[in-house]
Amino acid sequence: MTAALKIPASIDMSAYWLPYTPNRYFHQHPKVMQSAKGAYYYDDHGRKLFDGLSGLWCSPLGHADPRIGAAIAKQYETMDYCPAFQMASEATFTLASRIVKMAPKGLDKVFFTNSGSEAVDTALKIAIGYHRVMGNASRIRMIGRDRSYHGVGIGGISVGGMVANRKMFASMMMSGVDHLPHTYNLSQMAFSRGQPTWGAHLADELEKIVAFFSVMSNGNSKACSSTFGSHGCNDDRPEVIIHILRRDYNAGASFLDFTSKRWI
Ligand SMILES: Cc1ncc(COP(=O)(O)O)c(C=O)c1O
């Protein structure tokens, strides 16, 4: 076991409340970073630490790349910030168009947020709001997965499946959310290459949840399917839209992979 590091005398740690961190333990065993370059952090003891998490996924292109620094400085000098309510900057339109070019056909609108948590809560609101204005206010069910993490917002925690993150806030969780089983099984998946062959049966749970609400609908399959969304009253098949955002992070490389599919 390594000896506890000395708290740097120059740092008052009392005011800052670190998220997802046992703060009292941290105060006794602080990890204080002082600079970063490329794929490495340098701490207050001069140690060079490989940033295997890419700054918890906020620095996928590495730290202190001079090209990124120059681009930030250029934009700052041109216009540091432009509100998004009732106005916009040229750069925002340009970025949205570039993202649409990278996205699969049909995903042609961009809504900017400040974090994954905000993005997830916003996406849930857009889905619910869309069906409501289309006259389908009963399409309200969300399906998440056990153990999944979708951020710290109330919507993200509700569709997420991390028990420790939910238990304090049970009274605040969104209604109408079901969870599929998680897919991790070490005994079945260890040492597999590529996509493991085991686990396809877990996807059948989705059919079971849809079927369950079909039974709950008192024989009115149209009303029932509209719980998940259907194409109008002439089609009582439930429409399930599955959104999977896969993010591959690497210190030095960044990939954004859109996988959004619709099964009917
Ligand atoms: C799938 C998913 N949703 C939401 C989030 C929350 O993102 P953020 O930490 O930027 O709020 C994460 C973060 O890891 C995530 O992986």
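Two residues are said to be in contact if their C-beta atoms, placed from the backbone, lie within 7 Å. With that in hand, let me begin with the chain as a whole, keeping in mind that what we have here is a predicted model. Among the contacts in the protein chain with a separation of 6 or more, 44% are made by residues 24 or more positions apart. The secondary structure of this chain comes to 10 helices and 7 strands, and of its 264 residues, 8% count as buried.

The mean pLDDT of the protein chain is 81, and 78% of the residues reach 70 or more.

Three strands form an open sheet in the order 1-2-3, and the pairing is antiparallel. Strand 1, residues 33-37, and strand 3, residues 48-50, stand at the edges with a single partner strand each, so one side of each is left without a neighbour in the sheet. On average, and ignoring direction, neighbouring strands of this sheet are turned by 30 degrees against each other.

Taking the pairs in turn, strand 1 and strand 2 pair in the antiparallel sense over 4 bridges, and here Ala36 stands opposite Tyr41 in strand 2. Strand 2, which covers residues 40-43, pairs with strand 3 in the antiparallel sense over 3 bridges, and on this side Tyr41 stands opposite Leu49 in strand 3. What do we find in the hairpins that link these strands? In the hairpin of strand 1 and strand 2, which has 2 residues between the strands, Gly38 takes a positive phi near 60 degrees. In the hairpin of strand 2 and strand 3, with 4 residues between the strands, Gly46 takes a positive phi near 80 degrees.

Those were glycines, but which residues other than glycine have a positive phi? One of them is Tyr20, which has a positive phi of about 45 degrees although it is not a glycine, and which is placed in the segment before helix 1 (23-28). Tyr20 counts as exposed because it has 8 C-beta neighbours inside 10 Å, and the cut-off for exposed is 12 or fewer. Another is Arg147, with a positive phi near 70 degrees, found in the loop between strand 4 (142-145) and helix 6 (154-159). Because Arg147 has 14 C-beta neighbours inside 10 Å, this residue counts as partly exposed.

Finally, let me come to the ligand. Which residues lie around the ligand? They are Ser115, Gly116, Ser117, Val120, Tyr149, His150, Gly151 and Gly156. If we divide the residues of this shell by type, we get 2 nonpolar, 6 polar and no charged. Helix 5, residues 116-133, gives the largest share of the shell, namely 3 residues.

Terms used
Residues numbered from 1 in each chain as written. Predicted model: local features only at pLDDT ≥ 70, side-chain atom pairs only at ≥ 80, totals over all residues. pLDDT = per-residue confidence, 0-100. Near = placed C-beta within 6 Å. Nonpolar A, V, L, I, M, F, W, Y, C, P; charged D, E, K, R; others polar. Pairing = 2+ DSSP bridges. Axes fitted to C-alpha atoms, helices over the stretch in contact; angles between N-to-C directions. Buried ≥ 20, exposed ≤ 12 C-beta atoms within 10 Å, placed from the backbone.
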